[in-house]
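Thanks for coming, everyone. I have one structure to walk through today. Please take a look at it before I start.

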Amino acid sequence: MKRHQRSRPAGMFAAISSSLLLCAPRVFAHHSTAEYDAGAIAEARGEVVSVLWRNPHVRFQVSTKAIDGNEQLWEIESADLTRLDRAGLPRDLLKVGDVITFAGNPSTRTTRRMYVTNLMVADGREILLRGNVKPRWAADRAVNTDAIRPTTTAAAPAAGSGFFDKVFVPMREGQAPAWLANPPLTAAAREGKAAYDEVVDDPVLGCVSPGMPRVMLRSGPYAVRFIERGQDLVLQNEWFEIDRTIHMNGREPPADQPYTPLGYSAGKWENGALVITTTHIDWPYFELYGLVGVPQSKAMRIVERITPRDDGATLKYDFSATDPAAFTETVTYDGYVTFRWQPALEFLPYDCVETERKARNAR
């Protein structure tokens, strides 16, 4: 990977501000950004004093003491490492001692803490760390990190090639069902959801590999692929490098099947679609985009239908979920995501370092 030479810009200035962002959309991510105010932005300039370039998200600290006299450091959270790697950014993009300008959504809980959206690094480039943000300082040197986009020009795979030997990424394209506006939760589930603190309680922030259905329904833009392993299938997810075994021919779980975060998945083919029924799940929460922190029980039963379309270039993903402890009725979501084939994409390693939860819980 090409390394970029950088020099310290002459002079330093302060620009601390807060303003409303017009029509700021809610950004859905595989990890929580719940503590940040998406309707406000703060901007500052200072010197980098530490960098942790790892998943679940890149973090760094910036001192503005030489500019504004404030000895308290800015704690900066950024995009996930895989996204930055895929965008071609070198892992030494930031170095201790670099002077940078940064802007983003301030924390609603902690002063001088931010989810950064715009970052002007020492060589003068402006890194755009969310797909919907616009340059603030250097439009002619802006670098977009939204590196995964739907493939529209690649040749379609051979007819009948189906699921295998291809890498897909999920794209949110469907219309949310009516029930999502007022989920049919049980009284206990409503109480548990109300008590859930996404910033503190999310296991994934502690580098805990996610279980079902989180690994499918709230995993961000990570790549997936299907491989055959004997008579079974394995659904591999780039996120946490997860291998999810799908026992084919609808094989029921054995009597002594243990409960695990991913559960037991039995798959079968129906009219060209892969139908997967998952039970024996031991994972605390049912979550999808728009609904988080719903406590689920070991009675949860997830049925997924994955249907190839466009000669295998896309996969339509539907699901239903039944759990009498969580829902008063079965919930169904048709066309939750579309998995799109990305022929040039390769899986990247997932390097996760657990420091964020420790830091937050210490406050």
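I'll go from the overall picture to the strands, the disulfide, the cores and some backbone details.

First, a caution: this is a predicted model. Keep that in mind throughout.

Now the overview. The protein has 363 residues, and 51% of them are buried. Its secondary structure comes to six helices and 19 strands. Take the contacts with a separation of 6 or more: 61% of them are between residues 24 or more positions apart. The accessible surface is about 16300 Å², and carbon and sulfur atoms hold 51% of that.

On to the strands. Please find strand 11, residues 232-237, and strand 12, residues 242-247. They run antiparallel, joined by five bridges. One of the pairings is N237 with I242 in strand 12. The two strands form a hairpin, with four residues between them. In that turn, F240 has a positive phi of about 60°. E241 also lies in the loop between strand 11 and strand 12. Its phi is positive as well, about 55°, although E241 is not a glycine. E241 is partly exposed, at 48% relative accessible area.

Strand 12 has another partner. Two bridges join strand 12 to strand 13, residues 264-270, and here the strands run parallel. I246 stands opposite S265 in strand 13. The loop between strand 12 and strand 13 holds G250. G250 is partly exposed, with a relative accessible area of 26%.

Next, the disulfide. How many turn up in a search of the whole structure? One. C207 is joined to C352, S to S 2.0 Å. The link of C207 and C352 is left-handed, with -90° about the S-S bond. What does this pair tie together? C207 sits in the loop between helix 4 and helix 5, and C352 in the loop between strand 19 and helix 6, so the link ties together parts 145 residues apart in sequence. C352 is partly exposed, with a relative accessible area of 26%.

Now the inside. The largest nonpolar core has 47 residues. L274, F286, L288, Y317 and Y336 have the most contacts inside this core. Strand 19 gives the largest share, six residues. There is also a second, separate core of 26 residues, and V48, W53, L81 and V121 are among them.

Let's stay with F286 for a moment. Setting aside neighbours within four places in sequence, its contacts include P213, L217, M300, F319 and F327. P213 has a backbone feature of its own. The peptide bond joining M212 and P213 is cis, with omega about 0°. P213 lies in the loop between helix 4 and helix 5.

Another cis peptide bond runs from N55 to P56, with omega near 10°. P56 is in the loop between strand 2 and strand 3.

One last stop: H280. Where is it? H280 is in the loop between strand 14, residues 273-279, and strand 15, residues 285-288. Its phi is near 55°, a positive value in a residue other than glycine. Is H280 buried or exposed? H280 is buried, with a relative accessible area of 15%.

That's the tour. Over to you for questions.

Methods
Residues numbered from 1 in each chain as written. Predicted model: local features only at pLDDT ≥ 70, side-chain atom pairs only at ≥ 80, totals over all residues. Heavy atoms only, no water. Buried < 20%, exposed > 50% of the residue type's maximum accessible area, 1.4 Å probe, protein only. Contact = heavy atoms within 4.5 Å. Areas by Shrake-Rupley, 256 points an atom, 1.4 Å probe, with all protein chains shown as cover. Pairing = 2+ DSSP bridges. Disulfide = S-S within 2.5 Å. Core = buried A, V, L, I, M, F, W, Y, C linked by side-chain atoms within 4.5 Å.
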